[in-house]
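Subject: Structure for you to look at

Hello,

Here is the structure I said I would pass on, with notes on what turned up in it. Please open it alongside this message.

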2 protein chains.
Amino acid sequence: MATSFVQRLRKLAQDKQSLLCVGLDIEQERLPAFLGRGRSAVVDFGRAIIEATADVALAYKLNFAFFEAYGVDGWRALEELRALIPSHCLAVADAKRGDIGNTMRMYARAIFGTMGFDAATASPYLGRDAVEPLLADPTRGVFFLCLTSNPGARDFQYFSDGHRRLFEYTAATVVSWDSAGNCGLVVGATHGEELAQVRSIAPALPFLIPGIGAQGGDLEAAVLHGTDERGELALFNSSRGILYKSSGHDFAEAARAEAQALRDAINAARSDKLRTRNEPPASSVSHPV
Amino acid sequence: MATSFVQRLRKLAQDKQSLLCVGLDIEQERLPAFLGRGRSAVVDFGRAIIEATADVALAYKLNFAFFEAYGVDGWRALEELRALIPSHCLAVADAKRGDIGNTMRMYARAIFGTMGFDAATASPYLGRDAVEPLLADPTRGVFFLCLTSNPGARDFQYFSDGHRRLFEYTAATVVSWDSAGNCGLVVGATHGEELAQVRSIAPALPFLIPGIGAQGGDLEAAVLHGTDERGELALFNSSRGILYKSSGHDFAEAARAEAQALRDAINAARSDKLRTRNEPPASSVSHPV
């Protein structure tokens with residue numbers, strides 16, 4: 001039997017002792033000036049970032065929008081960068097596609113076939129038959145939008161039937177879809193309490209958690225509430241905080257230092273969580289869960 | 001003041017006496033064999049379809065998935081076909097993008113900037129701040145997913161707060177976003193009653209209505225319930241039913257005949273609707289609205 005995505009994620013994360021995802025949201029305007037502009041500058045920049053961080057990153061997330069903005073040249077850079085991600089890291093296509101079944105079949109072909117990504121983000125709102133083509137291969141993961149980190153998340157994701165808000169209902173629905181171990185959820189790190197609620201609904205699903213930074217006070221809460229009971233099954237993504245740490249010739253070293261600090265901060269928070277969990281009840285009671 | 005998207009749509013539709021949108025969901029496997037395969041075959045096919053139908057079609061809708069499946073070559077075909085759509089027709093980017101604001105800014109650049117589409121489909125579920133970059137230019141329209149035509153539409157779009165289902169709430173929310181005359185809705189043609197409900201919530205928004213065919217019994221109901229009170233402000237899309245009408249050398253003529261029949265059937269249903277509306281009450285009562 002093939003290894004499911006969730007098994008592969010858990011194994012890789014244990015091997016690397018990392019839950020860090022580096023987001024390659026590359027903006028040409030923010031590249032170090034000495035690299036120039038255009039496709040080769042984007043690929044040179046991305047290659048240097050990947051080479052400098054591949055031993056500390058569990059995954060890389062490519063945000064398609066930042067490449068599509070440059071048309072054919074951007075799409076070529078996307079494919080070139082995807083090919084540079086080593087096999088000991090997961091390549092996540094952050095494309096958030098969502099359409100009816102015959103269209104999703106083509107998106108699945110693009111993302112998992114033509115480009116060979118290990119996982120993708122997707123929109124669940126067209127329902128089960130729409131997402132089935134994305135879930136056909138149990139070795140490829142799909143992180144469904146559940147609760148996002150922007151203010152407008154409240155416009156729809158908090159719409160409630162009196163018992164559950166849409167994001168809770170979404171989490172429960174995606175759990176019901178997960179027959180092959182390849183469903184996950186996108187849950188913003190900015191919502192500590194809601195993150196805990198989603199984790200209680202979906203204890204065994206991997207979460208992709210955007211919106212963290214090494215300096216952010218939310219990191220510990222995100223790790224505490226976002227990981228599973230073993231302190232695993234979460235990908236914590238940082239993009240701009242890593243990519244643009246320095247605009248000088250040391251940009252890749254600076255990115256590496258930031259990535260390493262973030263990986264270590266995540267691991268420290270995981271240790272805290274597991275230690276607290278293993279302490280006698282009298283002590284755990286005082287922990288603000 | 002610049003002409004808003006909705007004004008432009010109404011004017012073009014009146015000039016052409018057409019509400020037909022031709023969906024260019026081009027599948028290489030379904031191309032007439034004599035055209036061969038690959039990018040040039042896709043572009044040759046699309047060009048012939050556009051040239052044969054441009055006087056009867058109000059709009060063309062390019063479904064990005066069908067191009068992305070072929071990577072860089074597919075993206076190039078997408079750009080080439082977009083450039084072939086004449087300015088007396090609307091070019092609709094059917095990409096259904098949905099992400100947070102800084103990412104949507106890049107998708108807006110790709111779709112409205114780099115490729116110069118007149119309108120796009122989008123996912124509303126990340127809320128107002130997420131979609132604002134797409135709505136920045138009042139001359140470009142955005143059709144937000146509201147109610148889709150697939151069975152799984154029920155999984156989320158019928159989620160109810162006791163008063164309204166999510167698709168009704170979505171319609172009302174998009175109405176509240178429409179300060180510049182460039183918001184629209186995607187509403188599946190397979191739901192006659194629901195289409196009428198959405199039209200009553202959003203009387204002045206343009207609808208993009210997929211899922212129709214010249215032979216489909218639903219066409220009259222879709223026109224009756226989907227157009228506005230003037231029998232306007234709707235784009236009725238057909239893709240496969242037009243593109244693959246013939247696999248012989250006459251494929252473009254066959255597509256034209258089908259497009260013309262569909263445009264005429266839509267116009268006949270519009271006339272019926274307006275005639276019924278203008279008849280004395282005694283007669284209208286018998287009409288099954």
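**Two helices in chain A**

In chain A, Gly192(A), Leu195(A), Ala196(A) and Arg199(A) of H9(A) are in contact with Ala221(A), Ala222(A), His225(A) and Gly226(A) of H10(A). Sorted by class, this contact has four nonpolar, three polar and one charged residues. Please keep in mind throughout that the model is predicted.

Two packed helices are described by the angle between their axes and the distance between the axes. For helix H9 (residues 192-201) and helix H10 (residues 219-226) of chain A, the angle is about 15° and the axes are 8 Å apart. An angle under 35 degrees counts as roughly parallel, and H9(A) and H10(A) are therefore roughly parallel to each other. Their crossing is right-handed.

How many of the eight residues of H10(A) are buried? Six are, and the helix is mostly covered. The buried residues are Leu219(A), Ala222(A), Val223(A), Leu224(A), His225(A) and Gly226(A).

**Chain A as a whole**

The secondary structure of chain A comprises 13 helices and eight strands. Along the principal axes, the C-alpha atoms of the chain fill a box of roughly 55 × 45 × 40 Å. A compact globule of 289 residues would have a radius of gyration near 19 Å, and the 19 Å of chain A agrees with that. Of the 289 residues in chain A, 55% are buried. Among contacts in chain A with a separation of 6 or more, 73% are between residues 24 or more positions apart.

**The helix pair in chain B**

In chain B, helix H9 (residues 192-201) and helix H10 (residues 219-226) pack at about 15°, and their axes lie 8 Å apart. That makes H9(B) roughly parallel to H10(B). The crossing of H9(B) and H10(B) is right-handed. On the H9(B) side, Gly192(B), Leu195(B), Ala196(B) and Arg199(B) take part; they meet Ala221(B), Ala222(B), His225(B) and Gly226(B) in H10(B). By class, the residues of this contact are four nonpolar, three polar and one charged.

**One residue in chain B**

Is Ser238(B) buried or exposed? This residue belongs to strand S8 (residues 234-238) of chain B. A residue counts as buried if 20 or more other C-beta atoms lie within 10 Å of its own; Ser238(B) has 25, so Ser238(B) is buried. Between Ser238(B) and Leu185(B) there are 53 residues of separation in sequence and 17 Å in space, C-alpha to C-alpha.

**Where the chains meet**

The last item is the interface. Here 48 residues of chain B are in contact with 48 residues of chain A. On the chain B side, at least two residues each come from helix H3 (65-68), helix H4 (71-84), helix H5 (101-114), helix H6 (128-131), helix H7 (153-157) and helix H8 (166-177). H5(B) supplies the largest share of that side, seven residues. By class, the side of chain B that touches chain A has 22 nonpolar, 15 polar and eleven charged residues.

Regards

Conventions: Residues numbered from 1 in each chain as written. Chains lettered and ligands numbered in written order. Predicted model: local features only at pLDDT ≥ 70, side-chain atom pairs only at ≥ 80, totals over all residues. Contact = placed C-beta atoms within 7 Å. Helix = DSSP H or I, 4+ residues; strand = E, 2+ residues; numbered from the N terminus. Nonpolar A, V, L, I, M, F, W, Y, C, P; charged D, E, K, R; others polar. Axes fitted to C-alpha atoms, helices over the stretch in contact; angles between N-to-C directions. Parallel < 35°, antiparallel > 145°, perpendicular 65-115°, else oblique. Left-handed = near helix turned anticlockwise from the far one by under 90°. Rg over C-alpha atoms; globule rule 2.2 N^0.38 Å. Buried ≥ 20, exposed ≤ 12 C-beta atoms within 10 Å, placed from the backbone.
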